[in-house]
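Hello,

I am passing a structure on to you, and my notes on it follow below. Please have a look at it first and then read on.

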Amino acid sequence: MANEEDDPIIQEIDVFLARSLLEKLYLFQYPIRPASMTYDDVTHLSAKIKPKQQKVELEMAIDTLNPNYCRSKGEQIALNVDGTCTDETSTYSSKLMDKQTFCSSQAASNVSRYAAAVYKKGELHLTPLHGILQLRPSFTYLDKADAKHREREAANEGGDSSQDEAEDDVKQITVRFSRPETEQARQRRVQSYEFLQKRQAEEHWVHLHYYGLKDSRSEHERQYLFSQGHGLAENTELIKSPSEYLMMLMPPSVEEENDKPMAPSNVLSMAQLRTLPLADQIKILMKNVKVMPFANLLSLLGSGTDPTAVLRCVQQVALLVQGNWVVKSDVLYPKDTSSPHSGVPAEVLCRGRDFVMWKFTQDRWVVRKEVAAVTKLCPEDVKDFLEHMSVARINKGWEFMLPYDEDFVKKHPDIVQRQQMLWMGIQAKLEKVYNLLKEHLTPKKQEAQSAHPLLVSGEQRVNMAKAKVKQNYGQLEKELQKQKAEMKSNDTSAKTDVPNIRIKEEPVGVEEPMDTSAHEGLNNGLVNGLHPAQGSMDPVNGHLPEGCIDRVAQELKAFVSSTFKKQFVLTLSELKRLFNLHLASLPPGHTLFSGISDKMLQDMVLDTGCKQILVPFPPQTAASPDELKVYALWEAGDTYDQHRQVLLELFSKNYRVRRNVIQNQLSQECGEDLNKQEVDRVLKVSFCSLW
């Protein structure tokens with residue numbers, strides 16, 4: 001209120017909206033004029049416009065008598081452009097550069113917020129602008145000079161060869177017929193720079209007549225800048241509330257489509273993709289990626305997407321091959337399209353691609369020659385089919401590009417069964433079309449496995465071991481009870497050893513032992529990784545004699561200490577993965593195969609000087625409970641101990657911290673002015689296993 005009292009209203013001005021020149025008024029922005037071209041003596045020789053493009057070309061006279069005009073340069077430019085001869089086609093008939101051409105370009109694509117204002121007798125009259133054009137000098141006369149120079153050189157060279165024109169040899173002419181243009185090729189051609197330039201050049205120039213500033217016609221047209229009627233009916237746009245009036249004067253800036261960079265027709269950003277319906281999102285993703293596991297598809301669709309709805313939609317555009325989803329052929333090759341290589345219709349292409357997909361449901365390997373022999377398609381089309389879903393291996397064939405998704409097959413047996421029925425129907429159609437023989441129908445799994453053994457990674461071996469343990473858990477429990485009964489009945493002296501056996505405190509139902517069995521090849525003749533005949537330990541379910549507990553603790557402590565000295569920060573999930581890999585490298589009968597529970601592992605981590613970092617992860621995170629438990633080595637004895645402790649304190653308060661906050665905190669706590677490279681080194685050394 002105090003500011004308003006200090007700034008009183010001095011005068012109120014009526015504002016009127018003029019409509020007479022609506023969509024006809026342009027603002028020209030001239031460049032800074034040289035001293036030889038002043039506002040008073042400028043003469044417009046000619047003017048022309050292309051209305052659709054809003055492109056203007058003006059030709060202005062230059063005052064050659066001005067003392068600032070360099071006559072020698074003007075004569076040299078005219079000589080270079082027109083040469084020594086002068087005719088009607090000459091640009092400068094006076095043999096002197098006495099005129100200059102200006103071409104326009106749009107200064108702003110959105111001029112709806114700009115208007116021309118005229119103030120007269122206490123009234124302000126506004127006329128909206130239809131365009132703002134910037135005029136720049138045009139140097140097309142230089143191109144004309146180069147063209148004439150090339151013509152003169154060609155004429156000099158052509159004089160010597162005129163005698164040989166009559167002795168031209170007969171030349172062979174090759175006639176080629178162009179292929180029919182596809183829709184994609186047409187869209188690329190229409191969006192090309194050459195096509196746009198051609199369309200702009202096709203628009204004809206409209207010649208204009210220029211009227212000077214003091215001409216009577218200019219005076220008459222200038223009167224249209226004033227509102228013709230001052231009644232309310234003529235200015236209903238200005239009868240608005242203050243907020244609406246401000247919105248009209250300064251509308252929110254919205255980026256127009258013309259200002260956005262032209263992207264290819266097959267490219268869509270993730271932000272634009274999220275605005276589409278779920279079915280369209282899945283169709284676009286599958287059409288671009290072509291082969292995708294279900295877990296990857298869910299991650300691309302964003303958090304909160306219903307997996308059931310995704311399963312329902314993905315079955316409409318893709319088929320299940322080896323637990324992964326492969327886009328359907330009719331999605332890639334719609335009806336009424338053809339092959340860009342051979343011109344084969346889409347129906348034939350879909351049958352050939354379905355045959356390749358069906359072959360991959362039978363085996364991981366496909367031979368290209370076999371596909372070409374059955375489908376009778378050109379090699380380029382067959383190669384496209386195979387590149388969609390497989391990778392070429394030298395001297396082996398084409399292998400399906402993704403591993404078998406066993407998790408999806410186990411979680412969704414109903415979807416797998418439905419897809420198997422679909423493949424049976426597709427197989428029946430392919431048998432009729434291609435007259436498939438028995439050698440095409442029987443998979444060559446045994447041959448492929450014997451000739452090309454599959455390489456199994458450490459993580460896959462751990463997953464296979466976990467599945468094996470869960471499958472044999474009931475059988476192991478029965479064997480345990482049987483062994484206990486035999487021990488009680490066979491020898492009474494065995495009772496003296498009972499006090500020496502220590503049973504785990506945590507119950508099996510609450511916290512199961514970690515799955516430590518590796519690949520099933522390691523468990524032949526073993527129970528949980530140990531030979532039944534071995535020594536003084538009961539190898540089943542982690543029951544150990546008291547003398548072996550210390551050895552197990554020492555081995556486990558050695559593993560935890562060495563692991564945290566290499567990687568200072570680990571989640572429980574990552575630590576368990578490294579422990580399983582460590583077990584896979586141990587020989588059969590090692591003490592660690594007795595069964596290490598999660599609680600034992602976490603207690604040992606805390607005993608080795610590590611601390612649990614309570615990172616405040618967001619409640620809607622998709623991470624597992626083991627991934628939310630973070631442990632860190634508090635003191636490693638190196639130069640980065642203090643820096644690491646500062647970082648851990650920061651991440652115990654927030655799970656996401658900006659780099660500048662980290663740099664400032666390190667500088668305050670450690671008393672060092674660290675630069676960006678040093679901060680990156682501290683982060684890399686401290687959190688190399690997580691980030």
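Let me start with the strands. Strand S2 (residues 26-29) runs parallel to strand S8 (residues 131-137), and four bridges join them. Two strands count as paired if DSSP finds at least two bridges between them. The strands (E, at least two residues) and helices (H or I, at least four residues) are DSSP runs, numbered from the N terminus. To find this pairing in the viewer, look for Leu-27, whose bridge partner in S8 is Ile-132.

S8 also pairs with strand S5 (residues 99-106): these two run antiparallel, with five bridges between them. Here Ser-104 has Leu-135 in S8 as its bridge partner.

A word on the model itself: it is predicted, so local features need pLDDT of at least 70 and side-chain atom pairs count only at pLDDT 80 or more, while totals for chains, interfaces and linings use all residues. Residues are numbered from 1 along each chain as its sequence is written, and side-chain values use heavy atoms, with hydrogens and water left out.

Now for the backbone. Most residues other than glycine have a negative phi. Lys-95, in the loop between helix H2 (71-82) and S5, has a positive phi, near 55 degrees. Lys-95 is exposed, with a relative accessible area of 52% (exposed means over 50%, with a 1.4 Å probe and protein chains only).

Lys-121 is not a glycine either, yet its phi is positive, at about 55 degrees. Lys-121 sits in the loop between strand S6 (115-120) and strand S7 (123-128), and is exposed with a relative accessible area of 77%.

Best wishes

Methods:
Buried < 20%, exposed > 50% of the residue type's maximum accessible area, 1.4 Å probe, protein only.
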